[in-house]
Structure formats: C-alpha cells, structure tokens
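Reader: I am new to this structure and would like to go through it step by step. Could you show it to me, please?

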Amino acid sequence: MDIKVRPGEAVQAGDVLVELNSPEVGNARADVLQRQAELRLATENRDWQKSTCEGLQKLTDAIRKRVSVEDIRVQFRDTILGKSRDQLLTAYSDLLLAESLVASAEQNAKSGVIPGRTVEERVNNRDNAEAALMAALEEQTFTARQSCRQAEAQAEDADRRHRVSLQTVRT
C-alpha cells in the first residue's frame, strides 16, 4: 500500500489518495487471462467437432445414396471429416469392389465359366464388406456425436469459468 497524501493536505476530486497492491487481485487477473485462453481453445474444439459431425452426416448420406468414390473424394475435399474419411472411404470402396465382383461372378456362372461356389464366396465377401461398412458408419457416427457433445459441454464450462473469474476481478 502506498499513501499518496498526508493528513491535512488539500486534495481535489480525482486525485489518487492511496495505491493498493494486492496479490489476490493480480492472481485474479491472471486467472481471467488463463480462462480466456481455455475458452478460446474449447470454442475452437467445439466448432471443429461440430463441423466433423456435420461432414460425417453428409458423407453417410452420400454413401447410402451410392455416390461413386471419386465423386465423394471431389465433393468432400474441403469437408472436415477427421479420421472418419479414410476409414469410411476404404470400407465403402471395399463394398463397391465386392459388389462388382459378385455381379461379374454371377454373369460368369450363368455361362458356366466359373462354379457356383465361387459366386457364393463372392456374395459372402460382399456381405462381409457391407457389414464392415455399416459397423464403421455406426461407430464413427456415435463417436463423432459423443465428441461433439463433450466439446459443447467443455465450451460451456470454459465460458462459465471465464465469467466467474471476471466477476472475481470485479469484486
């Protein structure tokens, strides 16, 4: 504490009479800066997770509509998909290949070029590829939604903590 005037000295409105130095106020201000940084990071993460969820939903719709892999690559080039992009496009490509092999095998089986067992194996491979794709879609969608909700909760918590730290400084 630094007293700027002595008893009996004349003062005018606006003159500084005393300067207080408080570690608590300094700590509270530092806490505000820390909370601001946390809020920025939490908001950025929330926005990224939200974009990922939206992109994943669009990709899922495109896959269900059987859009070609090449069209998906072009259409989703600038869409945020996170780690889902590689896993889902690989599983989708595997399914399309398996479907193509089944169609070819069925044609060849009709003309007697390949045995029926080969067709059955290719149908089984197609069914497995489809199951793997559906599982990947479900898993990625669930994980993305959970991450989105968690990021939203973290952003709300960071905002609340920031407001509390501001109130502490004001107090």
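Author: One term is needed at the outset: buried means under 20% relative accessible area, exposed means over 50%, and partly exposed lies in between (1.4 Å probe, protein chains only). By that rule Asp-47 is partly exposed, because its relative accessible area is 37%. This is a predicted model, in which local features need pLDDT of at least 70, side-chain atom pairs count only at pLDDT 80 or more, and totals for chains, interfaces and linings use all residues. Residues are numbered from 1 along each chain as its sequence is written, and side-chain values use heavy atoms, with hydrogens and water left out.

Reader: With which residue does Asp-47 form a salt bridge?

Author: The partner is Arg-46, and the closest N and O atoms are 3.2 Å apart. A salt bridge here is a side-chain nitrogen of Lys or Arg within 4 Å of a carboxyl oxygen of Asp or Glu. Arg-46 has a relative accessible area of 23%, so this residue is partly exposed.

Reader: How many salt bridges are found in the whole structure?

Author: The search of the whole structure finds 10 salt bridges. One of them joins Arg-66 and Glu-99, with the closest N and O atoms 2.8 Å apart. That pair links distant parts of the chain, 33 residues apart: Arg-66 is in the loop between helix 1 and helix 2 (69-75), and Glu-99 is in helix 3 (residues 84-110). Helices (H or I, at least four residues) and strands (E, at least two) are DSSP runs, numbered from the N terminus.

Reader: Are Arg-66 and Glu-99 buried or partly exposed?

Author: Arg-66 is partly exposed, because its relative accessible area is 38%. Glu-99 also counts as partly exposed, because its relative accessibility is 26%.

Reader: Which residues are linked in a network of salt bridges?

Author: Asp-31, Arg-35 and Glu-38 are linked in such a network. Within it, Asp-31 and Arg-35 form a salt bridge whose closest N and O atoms are 3.4 Å apart. Both of these residues lie in helix 1 (residues 23-64), four residues apart, about one turn of the helix. Asp-31 has 28% relative accessibility and therefore counts as partly exposed, whereas Arg-35, at 18%, counts as buried.

Reader: Let us change topic. How many disulfides does the search find?

Author: The search of the whole structure finds zero disulfides, a disulfide being a pair of cysteine sulfur atoms within 2.5 Å. Cys-53 is in no disulfide, and the nearest cysteine sulfur, that of Cys-148, is 3.7 Å away. Cys-148 is likewise in no disulfide.

Reader: Are Cys-53 and Cys-148 buried or exposed?

Author: Cys-53 is buried, because its relative accessible area is 17%. Cys-148 counts as buried because its relative accessibility is 18%.

Reader: Next, Gln-140. Where is its place?

Author: Gln-140 is in helix 4 (residues 116-170). At 7% relative accessibility, Gln-140 therefore counts as buried.

Reader: Which side chain is joined to that of Gln-140 by a polar contact of 2.5 Å?

Author: That side chain belongs to Gln-87. A polar contact is a pair of N or O atoms within 3.5 Å; within protein, one must be able to donate a hydrogen and the other to accept it, and residues adjacent in sequence count only if both atoms are side-chain atoms. A polar contact of 2.7 Å also joins the side chains of Gln-140 and Ser-84.

Reader: What is known about Ser-84?

Author: Ser-84 is found in helix 3 and is buried, because its relative accessible area is 4%. Apart from neighbours within four places in sequence, Ser-84 is in contact (heavy atoms within 4.5 Å) with Leu-56, Leu-89 and Gln-140.

Reader: Finally, is Leu-41 buried or exposed?

Author: Leu-41 counts as exposed, because its relative accessibility is 58%. Its place is in helix 1. Leu-41 and Ala-158 are 117 residues apart in sequence and 9.0 Å apart in space, C-alpha to C-alpha.
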